[in-house]
Structure formats: structure tokens, C-alpha cells
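Please look over the structure below.

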Amino acid sequence: RRVDMQTPFLGTGAREQRMAGITLALLRIGYGLLWLKEATWKKPPDFGMRAGDGLWYWTNEMLKYSIAAPHRYFVEHVVIPNFIFFGYMTLATELFIGLSMVLGAFTRLGALAALLMSLNITTGLIRHPAEWPSAYLMLIGYSLLFLSFRAGRRLGVDALLALRFQGDQPRGLVATTLALLV
């Protein structure tokens with residue numbers, strides 16, 4: 001018997017495809033809630049600098065546990081001296097990722113931001129004795145999943161945005177780029 005490599009892996013029946021879409025949407029929403037929860041301990045205005053905890057603590061842990069010398073150098077010579085700026089950037093990025101996933105709005109852009117953040121966190125902390133390497137792999141895996149599929153088009157704002165960008169009408173660079181993100 002020959003295996004057909006073109007068989008849709010999300011199922012061939014309408015019910016299977018609907019369930020796959022709903023499952024993907026629920027995973028996306030859960031992933032967004034995780035990022036929103038993680039953003040709650042990034043507390044302005046000093047992000048833990050005074051108390052030696054929070055984001056300040058974990059950023060300094062990257063100096064000890066990063067698996068890449070260029071990453072460690074960047075944290076030491078760029079991030080630490082400009083910590084407040086990077087604290088706000090981290091908070092804003094995590095809030096964007098979380099809201100993007102929960103709302104299903106510009107989900108692929110949120111997934112790209114999540115992938116970059118996850119790679120940074122993984123590079124800096126995967127060797128930390130109090131951390132679970134599998135958690136970092138999950139962060140990367142989910143971001144790749146949502147980057148690969150149009151996860152925001154099921155139970156998400158992207159379904160509405162996609163209507164604006166579908167069709168054969170000529171469009172400019174901005175519209176073409178936005179169409180890739182929804």
C-alpha cells in the first residue's frame with residue numbers, strides 16, 4: 001500500500017477540520033494567557049533593580065547561564081547598562097504577544113515576536129538549575145506552530161482582517177505585508 005504524502009494532516013472531513021481549528025484557537029488563547037501572566041511580574045519603573053528581583057534578577061542570571069558568548073556579551077554590555085529601556089521593551093513585547101494570541105489579531109506577527117523572545121530566553125536561561133528546558137522548547141514550539149498556521153483566523157480578529165486582504169485586487173507593499181500577518 002502506497003502512502004499519500006499529500007493527505008491533509010488536519011483531517012479530510014469537515015468535522016475533523018473544524019475541531020482542528022478550534023483546538024488550534026484554544027492553544028493560541030492559552031499561549032496568549034501564559035505570556036500575559038508572565039508580563040505581570042515585569043514591574044515598572046525599575047523592573048526589580050532596587051530589590052534585586054524580578055526581571056533584573058533573571059537578566060543577571062543570563063550572565064551566568066547563557067549558552068552563547070555573544071548573547072552573554074550583549075546582555076552585559078548593552079542590556080544591563082540600558083536596563084530600564086529593555087525592561088519597558090520586554091514588558092511591551094510580552095503584552096503584545098499575549099494580546100495578539102488571546103485576540104487572534106496579527107497572530108503571525110505575535111508568533112514571530114514570541115519566537116524571538118523565546119529564543120532569547122532559551123539562550124540565556126536553558127542551563128539555569130531552577131528552570132525546565134522543556135518549558136523553553138514548548139515556548140519555541142508553540143510560536144513556530146502559530147507562525148506556520150493562520151491560527152488567528154479561527155475565533156480571532158484575523159478572520160475579520162483577512163476579509164480586507166483577500167481577492168485579486170492590486171495592493172501595495174503595506175497591504176501585502178499585512179495579508180501575510182493575518
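1. Basis. This is a predicted model, in which local features need pLDDT of at least 70 and side-chain atom pairs count only at pLDDT 80 or more, while totals for chains, interfaces and linings use all residues. Residues are numbered from 1 along each chain as its sequence is written, and side-chain values use heavy atoms, leaving out hydrogens and water.

2. Helix 5 with helix 6. Helix 5 spans residues 107-125 and helix 6 spans residues 133-148. Their axes lie 8 Å apart, at an angle of about 160 degrees. The two helices are therefore roughly antiparallel (an angle over 145 degrees). Their crossing is left-handed.

3. Residues of that contact (heavy atoms within 4.5 Å). Helix 5 contributes T107, R108, A111, L112, A114, L115, S118, L119, I121, T122 and L125. Helix 6 contributes Y136, L139, I140, S143, L144, F146, L147 and S148. By class, 13 are nonpolar, five polar and one charged.

4. Helix 4 with helix 5. Helix 4 covers residues 83-103. It packs on helix 5 at about 135 degrees, with the axes 8 Å apart.

5. Residues of the second contact. From helix 4 come T90, T93, E94, F96, I97, S100 and M101. From helix 5 come T107, L109, G110, A111, A113, A114 and M117. The classes are eight nonpolar, five polar and one charged.

6. Terms. Nonpolar means Ala, Val, Leu, Ile, Met, Phe, Trp, Tyr, Cys and Pro; charged means Asp, Glu, Lys and Arg; the others, Gly among them, are polar. Helices are DSSP runs (H or I) of at least four residues, numbered from the N terminus. A crossing is left-handed if the near helix is turned anticlockwise from the far one by less than a right angle. Axes are lines fitted to C-alpha atoms over the stretch in contact, and angles run from 0 to 180 degrees between N-to-C directions.

Notes: Angles under 35 degrees count as roughly parallel, over 145 as roughly antiparallel, 65 to 115 as roughly perpendicular and the rest as oblique.
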